[in-house]
Amino acid sequence: MYVVQGRLPPVIRDIRRSSHQAALLPITERLGIGCYVSAPVVLPDGRTFGTLCCFSRGARPDLVDGDGDALREVARAIGTALNRRGSRRPRPAS
């Protein structure tokens, strides 16, 4: 959720050399994350459902900001699909 909060950028090519605090997060060490791309999954009503993240154990200097843009598009489609799925759920009888 750090990306959603604006505390980390959506693309980090090398966590170990980044000026951000991502390398200090327990999840980074536990999963052995070397780089990542992340995008929030936002429902059409504006609520954040979660995040879509892709990572590699090694650094990836070939990542570009456009990779974050591409993942945001996928996350947007997921948010739309989740919203449609939720609207088809039966409503409890009142």
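Colleague: Which residues form the nonpolar patch on the surface, and what is their accessible area together?
Modeller: This is a predicted model, so keep that in mind throughout. The nonpolar surface patch is made up of Ile27, Leu31 and Phe55. Together their accessible area is about 240 Å².

Colleague: Is Phe55 buried or partly exposed?
Modeller: Phe55 sits in strand E3. Its relative accessible area is 42%. Buried would need under 20% and exposed over 50%, so Phe55 comes out as partly exposed.

Colleague: What is the strand order in the open sheet?
Modeller: The sheet has 3 strands with antiparallel pairing. Strand E1 (11–12) and strand E3 (48–56) are the edge strands, each pairing on one side only. That goes with the order E1-E2-E3.

Colleague: Which residue is the bridge partner of Val11 in E2?
Modeller: E1 and strand E2 (residues 35–42) run antiparallel, and 2 bridges join them. For Val11, the bridge partner in E2 is Val37.

Colleague: Is Ser38 buried or exposed?
Modeller: Ser38 belongs to strand E2. Leaving aside neighbours within four places in sequence, Ser38 is in contact with Val3, Pro10, Thr51, Leu52, Cys53 and Leu71. Its relative accessible area is 4%, and the cut-off for buried is under 20%, so Ser38 is buried.

Colleague: How many residues apart in sequence are the parts that Arg13 and Asp65 tie together?
Modeller: Arg13 forms a salt bridge with Asp65, with the closest N and O atoms 3.4 Å apart. Arg13 lies in the loop between E1 and helix H1 (26–31), while Asp65 is in helix H2 (residues 65–87), so the pair ties together parts whose separation in sequence is 52 residues.

Colleague: Which residue does Asp14 meet in a salt bridge?
Modeller: Asp14 counts as partly exposed, at 22% relative accessibility. The side chain it meets, 3.5 Å away from N to O, belongs to a residue that counts as exposed at 75%. That residue is Arg17.

Colleague: Where do Glu73 and Arg76 both lie?
Modeller: These two form a salt bridge, Glu73 with Arg76, and the closest N and O atoms are 2.5 Å apart. Glu73 is partly exposed at 47%, and Arg76 is partly exposed at 48%. They are 3 residues apart, about one turn of the helix, and both lie in helix H2.

Colleague: How many salt bridges does a search of the whole structure find?
Modeller: Among them are Arg13 with Asp65 and Glu73 with Arg76. The search of the whole structure finds 6.

Notes: Residues numbered from 1 in each chain as written. Predicted model: local features only at pLDDT ≥ 70, side-chain atom pairs only at ≥ 80, totals over all residues. Heavy atoms only, no water. Pairing = 2+ DSSP bridges. Helix = DSSP H or I, 4+ residues; strand = E, 2+ residues; numbered from the N terminus. Buried < 20%, exposed > 50% of the residue type's maximum accessible area, 1.4 Å probe, protein only. Contact = heavy atoms within 4.5 Å. Patch = residues over 30% accessible without salt bridge, like charges linked within 9 Å, V, L, I, M, F, W, Y side chains within 5 Å. Areas by Shrake-Rupley, 256 points an atom, 1.4 Å probe, with all protein chains shown as cover. Salt bridge = Lys/Arg side-chain N within 4 Å of Asp/Glu carboxyl O.
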